[in-house]
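Biologist: I would like to learn how to read a model of this kind. Please take one feature at a time.

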Amino acid sequence: SDALLHPLSLLLCIFLMPLNWWFEWRKWILTNKFADRITKENIWQGFLAGMVTSMLTPGLVGYFIGRSFYTE
């Protein structure tokens with residue numbers, strides 16, 4: 001039973017990752033909707049920068065480091 005749990009956990013994580021990214025994208029759009037000078041291209045670049053740096057750093061620090069380059 002334990003041997004079966006680990007592959008299922010991995011598959012569950014892989015399945016839920018795009019859903020998590022979609023929620024992050026929606027949150028990022030909503031928080032930047034009130035800024036007049038941020039273009040859609042900057043929103044996309046900030047989102048991707050935040051996702052990449054969050055994969056390289058522990059915790060939520062990467063989200064703020066990557067996205068701070070594209071916001072004021």
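Biologist: Which residues make up the largest nonpolar core?

Modeller: In soluble globular proteins, nonpolar side chains tend to be buried together. A nonpolar core here is a set of buried Ala, Val, Leu, Ile, Met, Phe, Trp, Tyr and Cys residues joined through side-chain atoms within 4.5 Å; buried means under 20% relative accessible area, with a 1.4 Å probe and protein chains only. The largest such core has seven residues: Trp28, Ile29, Ile38, Ile43, Phe47, Met51 and Tyr63. Helix 1 and helix 2 (40-56) each supply at least two residues of this core, and the largest share, three residues, comes from helix 2.

This is a predicted model, where local features need pLDDT of at least 70, side-chain atom pairs count only at pLDDT 80 or more, and totals for chains, interfaces and linings use all residues. Residues are numbered from 1 along each chain as its sequence is written, and side-chain values use heavy atoms, leaving out hydrogens and water.

Biologist: How many helices and strands are there in the protein chain?

Modeller: Helices (H or I, at least four residues) and strands (E, at least two) are DSSP runs, numbered from the N terminus. The protein chain has three helices and zero strands, in the pattern α-α-α.

Biologist: Why does Glu24 count as buried?

Modeller: Glu24 counts as buried because its relative accessibility is 10%. Glu24 lies in helix 1 (residues 2-32). With neighbours within four places in sequence left aside, Glu24 is in contact (heavy atoms within 4.5 Å) with Phe47, Met51, Tyr63 and Arg67.

How values were computed: Buried means under 20% relative accessible area, exposed over 50%, partly exposed in between (1.4 Å probe, protein chains only).
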